[in-house]
Every structure is written in structure tokens, then in C-alpha cells.
Amino acid sequence: MERNDIYVIHGRAYQEMTLRILEACDLAALIGDREKSIALKPNLVTTTPPEEGATTHPEILAGVIEYLQAHGFRNLTVMESAWAGARTEDVFQICYHNRVCERYGVPFLDMKKDTYQTYDAAGMEIAVCDRAMAVDFMINLPVLKGHCQTKITCALKNNKGIIPDFEKRRFHTIGLHQPIAHLNTVCKNDFILVDNICGDLEFEEGGNPVVMNRILAFRDPVLCDAFVCDAMGYAVDDVPYVRIAERLGIGSTDLSSANRIRVNEPDDEEEPASYRPSGRVARLMKHTAPDNACSACIGALIRALHRTEQQGKLSRLRETVCVGQAYRGKTGRCGVGNCTAGFEKSVRGCPPSAAEILAFLETLT
Ligand code: SF4
């Protein structure tokens, strides 16, 4: 797997998808020596179950462990610390990661209880937990979601889970962007597997999940977060820590040079009823007419409508936006995705990104 590769898999059998995408990436070859110590770092930020759109699904954790054990890797740990104010062990149980660790015999380390050292992170002093720094290979398992302060959160920010609580609080007092970027100059980012099953639109703690039913794989955390900006309808410069991380040499935001590899095609049918009635998402859905729509396509549309609403333009949208495979070969007024290519107005892509749909919606408002 190359640094500029982006692997994508769609579906609803999350553990099976995880095994399949890891085989496609050939993660075992990337790790190499079977004796290496490997840490898995999920997002267990707060006490909300994964279906709320804030925390890593246990099926993904199980899939990664199953893959690694099947390939002869035995020195595995799962590590995380919940945000300051929550007990990690509570989140560990609510998100069913305790059951996964028990089933596969993998120890869980609460980073709140770990010791730490302070590092010079490209000119900024940052304390990082010792056990996280000691591993040979770090697998980051973030959730693709919104954040009320930084707009998006995924690979780079997920590493706040390997710093002590006092350091998390300090990050907030000095503005989150600089310290998040600098932290990533010292912590390990060897492989990133993104839970893009149902991330929240706005809040790190969940509550407005948008179903996408995707899992994504990256080696470059900056490329990952640039992809997330695009998927959420933001420019990279809307999220300063991503650009700062690039300037610090952590990775590249250049999506145009990325190599996108589809492990399968988005063919799942996601009926509107499967969206949680979270008020905001239900309100945005009223502007859509889904019919056999893939989760990735309608998820991108909801995110773009959300951005349009944030920009104060949604009330000017007079069109109902069609999306879904049932529109293939048909004509109509306004649609998103290649399936609506026959419509008067349509944005191409399979699926198009939220940024592409957002630009399309701007022509309609
Ligand atoms: S364009 Fe059609 S096939 Fe492609 S993701 Fe959208 S609904 Fe699915």
C-alpha cells in the first residue's frame, strides 16, 4: 500500500468488510515482522454507543484483531482514553469493545492510567502516554464525524486519546489546531482504518448520525483528514490543523494525486427510514427524494444539505433533490450521483463527495 492510496469499501457486514479491506491493503506486508508490538487505537471518546455516530463500531475492532491474529501477529493491545470527564472503562463497555477484547484475548489499556513523558513536538512541548509511544506499529481507528470547534475530526485528532487528561485540557486552552498538528509530529500513525459507518454531522459526542456504511483505509493521516474535509463539504483551509500538519511534514492534503481504490461498488440500498429521527437529519431529508439510494450517496447529500443550512441558504432551495439507483435511465429535474445523469440538473459521481454536491446546491440557491 502506498502513502497516497485511499481504499474504500461499502456495505453493512462491517466485520467482513474490515477483513476484506485489510486483505486488499495487504496490511500484514506493511507491518512485516510478526514479533512487532501492535496497538489498536479506536475512538471511545464518550459514553454513546456507535450507532449514535461518535464511537468506533466493535465490528471494526473485531475485524482488525481477527485479521492480525490470522496472519500470525500475537503482540496486540487496544488502547484509548475517553475525553476528560468520562471514564474510559465505561465507554469500553457501552461500545462493546470489552466483549471483543475478551473474545480474542487482547488486553485493553486505559491511557488515563498510563505514565507519560514530554516530547519536543516540532517546537511545542507535548506530553504523550508511554505505552502508546513504545509500540512498534500503531493502527488508528477513528470515526469520520463533525466537531463543534474544529468542524471535522478523524485521524489526526483521534490521537488526543493517547495523551494525559491534563494535556487534553491544555490543548483546549491554547486553541486546538496547533497542538493537534504538533502532537502528530511525535505520535505514530502507521495505518488508519476509518469508521465511516454513521458519523455525526456536527458533534464529537454524536446524536445526529448520517449513515454512510463505508470503511476507508489510509497510510497518510493528513490525506485522510483532507478526504474527510471533502466528504463533509469543507475546504482544507476551513480546518486549520490539517493544513498545519501538512506544513509540519506529516503528510499531504493533495487529493488530486491520491490513488482511490474501490474494494467493491456501493450497491446497498438504504431506505430513509433507517436514518435515526434526530430532528436535524429528518429535517434535511425533506429536501430529498431517495429511491434505492446507496448509503454513501445519500450520506454525502445530507452532509451537503447540512452545510447549505449552516450557510443560511437552505430556505432558498426550491428543488427536491433525487438520489438513488431507481433513477437510472430516467429523466427528472434535479439529482445527485451518476444514477441521475439523465436529469436536467445533476452532479456526477458514484458517489459524489459532499463538497461536489455543495457546489451543485450553490447553483440552485
Ligand atoms: S450514483 Fe447511484 S450507484 Fe452510485 S452511489 Fe449514488 S445511488 Fe449508488
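**Entry 1: strand E1 and its neighbours.** I began with Ile9 and found that its bridge partner in E11 is Ile215. This is a predicted model, so I keep that in mind throughout. E1 (residues 5–10) and strand E11 (residues 214–218) are antiparallel, with 4 bridges between them. With E12, E1 pairs in the parallel sense, again over 4 bridges. There I noted Asp5 opposite Asn259.

Next I asked myself: how many of the residues of E1 are buried? I got 6 of the 6, so the strand is largely enclosed by the rest of the structure. I then sorted them by face: Asp5, Tyr7 and Ile9 are buried on one side, and Ile6, Val8 and His10 are buried on the other.

**Entry 2: the whole sheet.** Stepping back, I traced an open sheet of 8 strands with mixed pairing, in the order E4-E3-E2-E7-E10-E11-E1-E12. Which strands stand at the edges? They are E4 (108–110) and E12 (259–262); each has a single partner strand, so one side of each lacks a neighbour in the sheet. From one strand to the next, the twist averages 20°.

Strand E3 (residues 76–80) runs parallel to E4, and 3 bridges join them. Glu80 has Asp110 in E4 as its bridge partner.

**Entry 3: Asn43.** Glu80 came up again when I listed what Asn43 touches. Leaving out residues up to four places away in sequence, its contacts are Ala54, Thr55, Thr56, Glu80, Leu141, Pro142, Val143, Lys145 and Asn158. Asn43 belongs to the loop between strand E2 (38–42) and helix H3 (58–70). Is this residue buried or exposed? Its relative accessible area is 6%, which is under the 20% cut-off, so I put it down as buried. I also found a polar atom of the Asn43 side chain 3.0 Å from the backbone nitrogen of Val45.

**Entry 4: the cores.** The largest nonpolar core has 51 residues, and Ile6, Met79, Leu144, Ile152, Val194, Phe218 and Cys224 have the most contacts inside it. H10 gives the most to this core, with 9 residues. I picked out Val194: beyond four places away in sequence, it touches Pro142, Leu144, Cys154, Arg214, Ile215, Leu216, Phe218 and Cys224. I also noted a second, separate core of 45 residues, with Met1, Ile21, Phe191 and Cys198 among them.

Entry 5: In H11 (residues 240–247), I found Tyr241, Val242, Ile244 and Ala245 buried. Looking down the axis, I saw them fall within an arc of 165°, so they line one face of H11. Their cover includes strand E9 (151–153), helix H7 (155–158), H9 and helix H10 (221–232). Just after H11 comes Gly249, with a positive phi of about 85°.

H8 (residues 165–173) was my last stop, and its buried residues are Asp165, Glu167, Lys168 and Phe171. Their arc around the axis is only 160°, which puts them on the same side of H8. They pack against strand E6 (124–129) and helix H9 (177–183). Here too I found a glycine following: Gly175 comes after H8, and its phi is positive, near 80°.

Note on methods
Residues are numbered from 1 along each chain as its sequence is written. This is a predicted model: local features need pLDDT of at least 70, side-chain atom pairs count only at pLDDT 80 or more; totals for chains, interfaces and linings use all residues. Side-chain values use heavy atoms; hydrogens and water are left out. Buried means under 20% relative accessible area, exposed over 50%, partly exposed in between (1.4 Å probe, protein chains only). Helices (H or I, at least four residues) and strands (E, at least two) are DSSP runs, numbered from the N terminus. The arc is that of the directions from the helix axis to the C-beta atoms. Contact means heavy atoms within 4.5 Å. Two strands pair if DSSP finds at least two bridges between them. Axes are lines fitted to C-alpha atoms, for helices over the stretch in contact, and angles run from 0 to 180 degrees between N-to-C directions. A polar contact is a pair of N or O atoms within 3.5 Å; within protein, one must be able to donate a hydrogen and the other to accept it, and residues adjacent in sequence count only if both atoms are side-chain atoms. A nonpolar core is a set of buried Ala, Val, Leu, Ile, Met, Phe, Trp, Tyr and Cys residues joined through side-chain atoms within 4.5 Å.
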